[in-house]
Amino acid sequence: MSEKKGTILSGMRPTGKLHMGNMFGALDNWVKLQDEYDCFFCVVDWHALTTSYEETGNIKDSINEMVLDWLSCGIDPEKAVIFKQSDVKAHAELHLLLSMLTPLSWLERIPTYKEQLKQIEGRNLATYGFLGYPLLQAADILLYKANAVPVGEDQAPHIEFTREIARRVNYLYGQTIFPEPATILNEYKIVPGLDNRKMSKSYDNVIEISIHPEEIPGRVRMMITDPGRIRKNDPGNPEICSIFAFHRIFNPPGLGNIEVSCRGGEIGCVECKKDLSSWIQKYLEPVYSKRRELEKDPQKIRHILEEGKKKAEKVAEGTMEEIRSAMGLG
Ligand code: TRP
Ligand code: SF4
């Protein structure tokens with residue numbers, strides 16, 4: 001297809017507006033990879049249903065908001081295929097075919113399954129769809145014969161599982177249909193939330209990517225610093241301060257100075273926060289204006305997803321022909 005290094009697929013569940021944890025956990029990596037690989041970026045709306053099948057009212061809006069965030073951060077429909085999982089029915093067909101040869105025990109032993117069953121309370125997740133979540137993910141990846149998948153560390157077991165499925169298919173049908181996809185781990189960056197826990201929608205401690213730049217200082221003021229610092233000249237400990245963790249992302253050249261003057265009690269937290277706010281503003285201003293621009297054309301996202309659907313379907317259909325015939329169908 002091109003002189004690219006290979007094919008990449010990654011996906012995100014449509015959870016609505018993205019936050020800076022998503023930006024530095026995944027999106028910035030996608031933006032870089034789209035120049036080096038043939039990239040497929042998938043809005044995995046069926047996956048969203050595995051946990052929120054009882055409240056489905058927001059899915060459409062969430063998809064729109066999420067794709068707007070992708071584009072405003074630099075995901076480019078000219079470079080990457082941007083599409084919706086439920087638009088390409090082959091994901092469901094491949095999932096079904098793979099389900100025939102997937103031992104239940106492989107699914108049951110995946111650590112994310114056991115953990116989430118415990119964590120997500122108040123919902124019945126003893127469902128068929130939830131157990132099969134990683135297999136649907138494997139189908140997403142294998143359908144495009146992806147060579148690599150960029151994900152956060154928490155998803156690594158799912159990619160490992162995908163490799164096992166690929167090996168099993170290739171072994172059972174005596175031909176190399178699927179490459180075994182490598183895991184590309186996102187560069188490890190801790191993005192703390194406003195309350196110093198991990199930034200996450202469920203903790204209500206996020207800064208959204210689409211935030212108006214003028215609102216940034218207000219959010220930053222809410223962030224927790226070293227609680228041991230009461231007066232401006234008390235020596236501080238940047239290691240336990242979320243402002244410092246953010247400086248690490250937005251202002252790497254300034255880090256050394258801040259560390260020294262914080263430990264020496266020479267800089268106050270108010271000043272340190274102001275400084276950080278202007279770094280974040282500088283970073284997010286172009287993202288904000290791009291989003292504004294995109295919002296002017298409400299049909300834009302629909303068009304992009306339609307184009308993406310066509311391109312994705314074409315590749316998917318090629319793979320389906322191979323796997324159907326390998327399995328004695330078609
Ligand atoms: N399970 C992933 C997550 O929760 C989302 C996902 C679905 C995905 N299909 C994928 C990620 C395929 C990478 C490749 O983040
Ligand atoms: Fe954190 Fe900066 Fe205050 Fe130090 S001076 S505790 S790094 S906000």
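**Stop 1**

Select K145 to begin: with a relative accessible area of 24%, K145 is partly exposed, a label for values between the buried cut-off of under 20% and the exposed cut-off of over 50% (1.4 Å probe, protein chains only). K145 sits in the loop between α8 and β4; helices here are DSSP runs of H or I with at least four residues, strands are E runs of at least two, and both are numbered from the N terminus. Check the backbone of K145, where phi is near 50 degrees, a positive value in a residue other than glycine. Most residues other than glycine have a negative phi.

Before moving on, some housekeeping: this is a predicted model, in which local features need pLDDT of at least 70 and side-chain atom pairs count only at pLDDT 80 or more, while totals for chains, interfaces and linings use all residues. Residues are numbered from 1 along each chain as its sequence is written, chains are lettered from A and ligands numbered from 1 in the order in which they are written, and side-chain values use heavy atoms, with hydrogens and water left out.

**Stop 2: ligand 1**

Now select ligand 1 and show its surroundings. Which residues are the closest to ligand 1? They are R13, Y133, Q137, D140 and Q155, out of 13 residues that surround the ligand (a residue counts if one of its heavy atoms lies within 4 Å).

On R13, an N or O atom of the side chain is 3.0 Å from an oxygen atom of ligand 1. Y133 puts a polar side-chain atom 2.7 Å from a nitrogen atom of the ligand, and for Q137 the distance from a polar side-chain atom to a ligand nitrogen is 3.0 Å.

How much of ligand 1 does the protein bury? Taken alone, the ligand exposes 360 Å², and the protein buries 91% of that (areas by the Shrake-Rupley method with a 1.4 Å probe; for residues, only the protein chains shown count as cover). Color by element and you'll find that β1 (7–12), α8 (133–143) and β4 (148–151) each give two or more residues to the shell. The largest share, four residues, comes from α8.

**Stop 3: helix α1**

Select residues 20–36. This is α1, with 17 residues and a reach of 24 Å from its first C-alpha to its last, close to the 24 Å expected at 1.5 Å a residue (the expected span is 1.5 Å times one less than the number of residues). Look along it for a bend of about 40 degrees at A26, taken as the angle between axes fitted to the seven residues ending there and the seven starting there. The buried residues of α1 include M23, F24, L27, W30 and L33, and also D28 and Q34.

**Stop 4: salt bridges**

The structure holds 21 salt bridges (a side-chain nitrogen of Lys or Arg within 4 Å of a carboxyl oxygen of Asp or Glu). K79 is in the loop between α3 (59–72) and β3 (80–84), 44 residues from D35. Both ends are partly exposed, K79 at 38% relative accessibility and D35 at 46%.

Next, select E65 and R291, a salt bridge with the closest N and O atoms 2.7 Å apart. E65 lies in helix α3 and R291 in helix α13 (residues 269–295), so the pair ties together parts 226 residues apart in sequence. Is R291 buried or exposed? Its relative accessibility is 4%, so R291 counts as buried, while E65 is partly exposed at 24%.

R291 has another partner: its side chain meets that of E295 at 2.6 Å, N to O. These two are four residues apart in α13, so about one helical turn separates them.

**Stop 5**

Finally, jump to D204, in the loop between β5 (182–185) and α10 (216–222). Its phi is near 55 degrees, a positive value in a residue other than glycine, and D204 counts as exposed at 72% relative accessibility. Then pick D234, in the loop between α10 and α11 (242–250), which is buried with a relative accessible area of 14%.

Terms used
Polar contact = N/O pair within 3.5 Å; in protein donor to acceptor, adjacent residues only side chain to side chain.
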